[in-house]
Amino acid sequence: MANQVEPKLIKPLFDELQKERFVTLATVDHETGGPNVSAISWVLAKDEDTVYFAVDNRSRIIENIKSNDKAVINLIANESTYSISGTASVKQEKLEGVPLKLALVEIKISEVRDVMFYGSKIVAEPQYDKTYDKDAAARLDNQVMDAMRKA
């Protein structure tokens, strides 16, 4: 049985991408031409066709996207694992309203594929904990997510 493929985010995925959460991002490395995978958490579905994320504007991710605009977000949600593929571009070099130098990246979605192996489902999603000042982390997270919503 083939895995389900959609041209845009389905509602459960859109809903999950309305808050900060753990995802992985795959880009093409600008030096080696090979895969590069990063874990990120500041991610937001702007609409069913567009996902934003914020990363340090000195990140290797930014150089990779400037060199090759293909990107994939791996999302564990809705009892499955999804590959959200598309074309990435730097929408803002410096995200406004945030004290850090974060770039805002936009991915225009071309395909959303359920990539979970046959006959299984996710029973517990990944969780993480901020290991620095919890109050400062919460303030920063709120600033970044609000700035992405306004972009």
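Analyst: Happy to. A nonpolar core is a set of buried Ala, Val, Leu, Ile, Met, Phe, Trp, Tyr and Cys residues joined through side-chain atoms within 4.5 Å. Buried means under 20% relative accessible area, exposed means over 50%, and partly exposed is in between, with a 1.4 Å probe and protein chains only. This is a predicted model, in which local features need pLDDT of at least 70 and side-chain atom pairs count only at pLDDT 80 or more, while totals for chains, interfaces and linings use all residues. Residues are numbered from 1 along each chain as its sequence is written, and side-chain values use heavy atoms, with hydrogens and water left out.

The largest nonpolar core has 26 residues, and Leu9, Leu17, Leu25, Phe53, Ile73 and Ile84 touch the most other members. Two or more residues each come from strands S2 (23–28), S4 (43–47), S5 (50–56), S6 (70–77), S7 (80–92) and S8 (102–114), and from helix H2 (60–67). Here helices (H or I, at least four residues) and strands (E, at least two) are DSSP runs, numbered from the N terminus. The biggest contribution is that of S8, with 5 residues. As general background, nonpolar side chains tend to be buried together in soluble globular proteins. A separate core of 13 residues lies apart from this one, and Trp42, Ala54, Val98 and Leu140 are among its members.

Isoleucine 73 sits in strand S6 and is buried, with a relative accessible area of 0%. Leaving out residues up to four places away in sequence, isoleucine 73 touches Val23, Thr24, Leu25, Val43, Val51, Tyr82, Ser83, Ile84 and Ile107, where contact means heavy atoms within 4.5 Å. Isoleucine 84, counted in the same way, has contacts with Leu9, Leu17, Ala71, Val72, Ile73, Leu75, Ile109, Glu111 and Val112.

Now to helix H2. Its buried residues are Ile61, Ile62, Asn64 and Ile65. These four cover an arc of only 160 degrees around the axis, so they lie on the same side of H2; the arc is that of the directions from the helix axis to the C-beta atoms. The buried residues of H2 pack against S2, S3, S5, S7 and S8. At the N-terminal end, serine 59 caps H2, with a side-chain oxygen 3.0 Å from the backbone nitrogen of isoleucine 61.

The structure holds 16 of them. In one, arginine 60 pairs with aspartate 29, and the closest N and O atoms are 2.6 Å apart. Because arginine 60 lies in helix H2 and aspartate 29 in the loop between S2 and strand S3 (35–40), the pair ties together parts that are 31 residues apart in sequence. Arginine 60 is partly exposed at 33% relative accessibility, whereas aspartate 29 is buried at 7%.

In another, lysine 66 and glutamate 93 meet at 3.4 Å, N to O. Lysine 66 belongs to helix H2 and glutamate 93 to the loop between S7 and S8, so this bridge ties together parts that are 27 residues apart in sequence. Lysine 66 is partly exposed at 47%, and glutamate 93 is partly exposed at 44%.

Finally, the record: UniProt, in an unreviewed entry, places the feature "domain: Pyridoxamine 5'-phosphate oxidase N-terminal" at residues 15–93. UniProt positions are given in the numbering used here, feature names are shortened, and annotations may be inferred rather than shown by experiment. Over residues 15–93 the chain is 13% helix and 57% strand, and the end C-alpha atoms are 27 Å apart.

Terms used
Salt bridge = Lys/Arg side-chain N within 4 Å of Asp/Glu carboxyl O. Polar contact = N/O pair within 3.5 Å; in protein donor to acceptor, adjacent residues only side chain to side chain.
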